[in-house]
Structure formats: C-alpha cells, structure tokens
Amino acid sequence: MATIRMTTAQAIIRFLKNQYIHRDGKENPFFAGMLGIFGHGNVAGIGQALQENPDFPYILVRNEQSGVHLACGFAKMKNRMQTFACTSSIGPGATNMITGAALATINRLPVLLLPGDIFARRNVAPVLQQLESPSTQDISVNDAFKPVSRYWDRIYRPEQLITSLPEVMRVLTSPADTGAVTLALPQDVQAEAFDFPEELFARRIWHASRRTPDLSLFSQAVSAIRASRRPLIVAGGGVLYSEATDALDKFARQTGIPIGETQAGKGSLPYNHPQNLGAIGATGTLAANRIARDADLIIGIGTRYSDFTTASKTAFQNPDVRFININVADFDSFKHSAIPLTADARVTLDELSNALHEYKVDSDYRSQISSLKAEWEQEVDRLFHLNNQPLPAQSEVIGAIWESAQPEDVLVSAAGSHPGDLHKLWRTHQPNTYHLEYGYSCMGYEIPGAMGVKMADPAREVYAFVGDGTYLMMPSEIVTAVQEGIKIIMVVVDNHGFASIGGLSQSLGSGGFGTRFRMRDSKSKQLDGEYLPVDFAANASSLGAHAIRARTIVEFKQALQEARASKITTVIVVETEREVRVPGYDSWWDVAVAETSTMQDVKKTRAEYEKARKNERYFL
Ligand SMILES: Cc1ncc(C[n+]2csc(CCOP(=O)(O)OP(=O)(O)O)c2C)c(N)n1
Ligand SMILES: [Mg+2]
C-alpha cells in the first residue's frame, strides 16, 4: 500500500480538499475553506497545515461562534451543497462554537467543527484552559458538543482519521442526517505524523440522494388527497433545500391546493402566486391561518412543525384533520401521526403531480383563497405606509427595504421582533431570498449569516436586519467583512432595547420589565432612567464600515440607495417607535404565565392563558 507521511492536521486538510458532492448532474468541492481563530490548541497543528495548503482558503474571524454562523449562512444559501470547516483552539475557543453547532444542527445545515482538545498524552496535564474532572481523565469541555452534533468523534491517534473522516462526510452530505459534525483534535495529536494510505486522499464524490417514497404509503397519500375537500400545504425549509420550488409551483397550480410558508420555507413560491397564502402559524397571515383552521388535510413538506408553525398546536382545528408529511427524515415525516412519506420533496411532488392529474379543489375553496389573499395584500400595503410620527414604525422600515431591493436580493435575520414582522410582511419573489434563522433564533447570527450568504452569491445585495439588542451582542464580524471585502447592507433598528421580549412581557402582564436599554435611576433603583447613550453609527464606523444615520423614512430610503451604491459594508441606523407593532392574525403562541402571583395583571393574564390553552391539540 502506498503511503504518505504527514501530520494529523495535514491529513485532514488534504482530505477535505478532495471531497466533492454531486446532485442532479452538478458536482463541486464540498468545502470552500476554513474559518477560525488560532490559539495554542490549533496554531501548530491545523494552523501549520493551513499555511502549507494556501489553495484551501483560511479566513480569520473575530469570534468562533460567529465563524460557525458564517458557515451556516453560506451552506444555507448553497442549499447545503457546500460549506466551511471551522477551527478553534482548546477551551473557550472551542466552547464558543457550541451555540453555532446547535444552530447548525437545528437548521439541518452541514458544518464541520474542529475544536482543539487537551493533550492525549496527558503527562503535562492540566494544560492551559483544561477543565479537569476528579472522576475521569477521558473528558474535556469538547464533550459538551455531543448533544448538539449529528456526529462526534475524538482523534486520539492519527490513524483513527482513516475510519473517522468517511463517517464525517457521510453525515455532512446526508440530506436527512446533516448538521454540525465535531471532530475533537487533541493538540498534541494534531502535530503527530503517521504513514497515511495515499488512497485516503483520492478525489471522492458524495452523492446527495433523492429518495423516493414507499409505494404503498404513496398510494395511501394519493387517496387521502383525493378524498380531501380543504387540503393545505405547509411548505418548510426542506422545499428549498431540495430545490423543489418548481415542482411545488406545478403541483399547487394544477391542484389548486393552497400553501402556507414556515419561516424556513418562506420563498417556496413567489408571494403573488395564486396559491401562496404567505406565512403560517404564530407569525402567520390572516389568509394562511384562516385556511389552516378549517383544513381537513395538511400536507407538510420539509417541515419540523415547530411551535411557531403550529401556533403551539392550535393552528389546525378541524376535528377530522389528518396529515401527510413529505420529509427526508423519518423523525419528521412521522410527526402528527401522518402518512409518512420519507423521501425527497422534489421527487415526491413530481410523483404526486402525475398521480393526481385529475384532482382539483372546488371553486368555493379557490375563491375563498383568492379573496383572503387580496385582503392580506391590502393589510401589508397599510403596514408598509403607516406614516407614523415622529418616529417610523418597524413595518415602514421593512416596506422601505422591500421597495428598494431587487427581486434577487437576500434579506437575513434571526431574532427579535422583526422575524415575526418579516415573516408576515416580506414579499418574496424568488427562492433563497428570505433567509431567517428561526430554528435557533439566535441573536448574533444576522451579521455573520449575511456575510456567509454574500460569499455564497456575491452578485446579490444582502441585507442584514439587526436589532439594537443583537447589534450590541455581536457586532464584531463587521471587522471580518471589511478584511475580506464582503459587502453587506446592515439595517440596525434602534428601539432602545428588546421590543420583542418587551412586548411579550407586556402581553403577559409583566409590563416589559428588564427589556429597555435605559440607565439605572438613582431614585427608583430600576432601569427606568434616560435612554442609554449608544451611538451605533459611530460604533460601526469605528470598525471600518460606512455608517449612515436616518431619522425619517425619507432619509432611510435615501440611505438605502447610498448603501446599494457603496462598495463596502454599510450600516444604516434608524430609530423606530417601539410600541407601534404588527399585530397577530388569528394566532397564538404558548408562553407559560405564572400560576401564582401578587400582581393583578399577571393573574388576569393567567386566566386568559388557561382559556387559550384549551385549543391546543394532540394529533394521534
Ligand atoms: C443569543 C440569544 N439570547 C437571547 C435571546 C432571547 N431574545 C429573543 S429576541 C430578544 C431581543 C432582541 O432585541 P433586538 O435585537 O433589539 O430586537 P427587538 O426585539 O428590539 O426587535 C431576546 C433577548 C435570543 N433569541 N438569542
Ligand atoms: Mg431592539
């Protein structure tokens, strides 16, 4: 057997460079490079190997967590056909990646994490940043990656790579199993040499499979659709990952079956498609939620049925409602006692279109769909042009961005009040233009996530919609955007704190306690003094971005034009009126209210809560 002597770290980089993925006749390298931060736990191992392989790009980020977010934004925009590996030192550098790992796994996005680990040799323990255990030496902080990884391994000996790396690739390229994959790399082992078989480094092509559904279950599903009078499709992220949007368009037009979109599935059909009712669930449109309430059959495609999608199990109130789930993962296709079609969305939709060529929903249902749709579009127009004074409402800011964006531009966001507003109001023209990370809804994803999107498709403008709370949590990747010449447009909405959680707290009888960015008052001893004097524009420009302050909607629209014309990352800061909110539309979200309290408002809210919870259903 021909062998080649190299270190563990060198072998990893060489292997990663030779992994390819194939789908629908297209083939490309699976890894675009590596992101990370060096410390003593990786600089002489992975760091040295990267230096020796300049054709495998290395990008220095500012925080390991946001490095993983960047990889996720990139992978999502590539429909999971390409990603980055992420390297960190041991200890805090490694554990910084855990939040990113959870986000990747929840959103089913492939990302390879290579945290440095404590010495396998052990004689010099405890090494810097080692967490010791009195009960075992076979543990490190990297064990904390286990619950958030789809595959986890630790490489104590270089030759373990020979059996581990193929498993890494199997999981990363599996449509059903993908997520964060963690290979913990003890720092001494990274630098150790071994005679690796040359074959390990041959070019390998991994096939992203398109599984077909079980025939018997498929015919049950066809019969269930034929028997249905009020079917509804719930389009989830799997529609986009599978590139099934054309197949969905054909199926929906042919049958007249309407669709509601989850956060991850938004953009499955253009907003003005006759069957698209828009957002569904807790942050859904009136149109989708009304239709969902009475639907007798739900066809869930690529959805996990999160509580936002099901309005905490209250969205579907027809006593006879049944489910068909098309999903690559058994875990999801079996939810709600559905007819489980564990299969690829595109293949299954094509088959359903063929099998149901004679099926159409009746004209009453069609006309209800079109009138609800028309009513909803009027509501969006109203919210886009509220003309609130003296400060604009957030819905006007969204409207102004939408009006200035091109159909192919991408909007990225994750946490705050805007995910709900955007889910309802953003009008998508094309798939992969609405990029909400709402699986983990992680504050801090927006900036690196948007950078990943831009790197995946530099021809488009990419907007990051960022709350002031999120901005203060992690603005640091602006520096990396400047370093790499990655141009994004950031809209920072300054509403002096957490409008989302504040509004939630108010609705639950707690008056927005602890959610405002105000000084501690010397008399009341509470956070109810003056607004904090944060200058977001000055902060952004100090990091190297072009920054613009917009005080009115007119100024904001001008700033958007300036940002589009700018060649560098541009941050627009706009102050909005926190209390002018986009309402809910026949929806509910279960957030438990205190059962006992000395506060009257809480007692009152608890009584309403108990009543509302009665609508929650089991689907058995
Ligand atoms: C990392 C993280 N911490 C906490 C939360 C809980 N959370 C959700 S939204 C939010 C407030 C976000 O504030 P901001 O970015 O200003 O947006 P706004 O609510 O004002 O729209 C918080 C704290 C979260 N989603 N992510
Ligand atoms: Mg805010």
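Guide: Nonpolar means Ala, Val, Leu, Ile, Met, Phe, Trp, Tyr, Cys or Pro; charged means Asp, Glu, Lys or Arg; the others, Gly among them, are polar. This is a predicted model, and totals for linings use all residues. Residues are numbered from 1 along each chain as its sequence is written.

Visitor: How many cavities of 30 Å³ or more does a search of the whole structure find?
Guide: A cavity is a set of 1 Å grid points, over protein atoms alone, where a 1.4 Å probe fits but cannot get out. Volume is the space filled by probe spheres set on the points, which are joined across faces, edges and corners. The largest cavity holds about 540 Å³. At 30 Å³ or more, the search finds nine.

Visitor: Which helix gives the most to the lining of the largest cavity?
Guide: The lining (residues with an atom within 4 Å of a point) has 39 residues, with Gly-237, Gly-238, Ala-264, Gly-302 and Arg-304 nearest the centre. Helices (H or I, at least four residues) and strands (E, at least two) are DSSP runs, numbered from the N terminus. Strand S16 (322–327) and helix H9 (237–241) each supply at least two lining residues. The most, three residues, comes from H9.

Visitor: How many charged residues line the largest cavity?
Guide: Its lining has 15 nonpolar and 16 polar residues. The charged ones number eight.

Visitor: Where does the largest share of the second largest cavity's lining come from?
Guide: This cavity holds about 120 Å³. Its 17 lining residues include Lys-266, Tyr-271, Gly-278, Trp-376 and Glu-377, which lie nearest its centre. Strand S14 (276–279), helix H14 (363–384) and helix H16 (418–425) each supply at least two. The largest share, four residues, is from H14.

Methods:
Chains lettered and ligands numbered in written order. Predicted model: local features only at pLDDT ≥ 70, side-chain atom pairs only at ≥ 80, totals over all residues. Heavy atoms only, no water. 1 Å grid on protein atoms, 1.4 Å probe; cavity = no way out; pocket = protein on both sides within 12 Å on 5 of 7 lines; lining within 4 Å.
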